[in-house]
Amino acid sequence: PTGISIISDIDDTIKVTETFDKKKLLKNTFLKEFVEIPGMAELYNALLSRSSSSIQQQDSENESENENAGGNNCAFHYVSSSPYQLFTELQTFFHESF
């Protein structure tokens, strides 16, 4: 496989959680709508765009017959200490914010 993997935390990296304050953490996780960290969606979209154009340039320079040539070879992987039961809510948050 070729491409770039970006591994990112969720809490206080792309979503406001305030993990160092237990009361705020609970409120932000269970009582309030999820709020994105300003600028992170733009940053991740720029990384996605940059990696795609960089890989396309390398493919054309190497004239490879890669099945992903011209495609996007960037994958995001997210880690979180949030309960698994929040998966659906986090997935919705990603689709709406990123």
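**Pocket, core and salt bridges**

Author: In this predicted model, helix H1 (22-31) and helix H3 (87-97) each supply at least two residues of the lining of the largest pocket.

Reader: What makes a residue such as Phe93 part of that lining, and which residues line the largest pocket?

Author: A lining residue must have an atom within 4 Å of a point of the pocket, and the residues that qualify are Thr29, Phe30, Leu31, Lys32, Glu33, Phe34, Leu86, Glu89, Thr92, Phe93, Glu96 and Ser97. The largest share, five residues, comes from H3, and the space in the pocket is about 240 Å³.

Reader: How is the lining of the largest pocket divided by class?

Author: The lining has five nonpolar, three polar and four charged residues; Lys and Glu count as charged, and Lys32, Glu33, Glu89 and Glu96 are all in the lining, so these residues belong to the charged class.

Reader: Why can Phe34 be called a member of a nonpolar core, and which residues make up the largest one?

Author: A core of this kind takes in buried residues of nonpolar types whose side-chain atoms lie within 4.5 Å of one another's, and the largest such set has nine residues, namely Ile10, Ile14, Phe34, Met40, Tyr44, Leu86, Leu90, Phe93 and Phe94. Phe34 is in that set, and therefore it must be buried, with under 20% relative accessible area. Helix H2 (40-62) and H3 are the elements that give two or more residues to this core, and H3 gives the most, with three.

Reader: How many salt bridges does the structure hold, and what makes Asp11 and Lys15 one of them?

Author: The structure holds two, and in the pair Asp11 and Lys15 the closest N and O atoms are 3.9 Å apart, which is within the 4 Å limit, so this pair is also a salt bridge. Both Asp11 and Lys15 are buried, which means that each has a relative accessible area under 20%.

Technical notes. Residues numbered from 1 in each chain as written. Predicted model: local features only at pLDDT ≥ 70, side-chain atom pairs only at ≥ 80, totals over all residues. Heavy atoms only, no water. 1 Å grid on protein atoms, 1.4 Å probe; cavity = no way out; pocket = protein on both sides within 12 Å on 5 of 7 lines; lining within 4 Å. Points joined across faces, edges and corners; volume = space filled by probe spheres on them. Helix = DSSP H or I, 4+ residues; strand = E, 2+ residues; numbered from the N terminus. Buried < 20%, exposed > 50% of the residue type's maximum accessible area, 1.4 Å probe, protein only. Salt bridge = Lys/Arg side-chain N within 4 Å of Asp/Glu carboxyl O.
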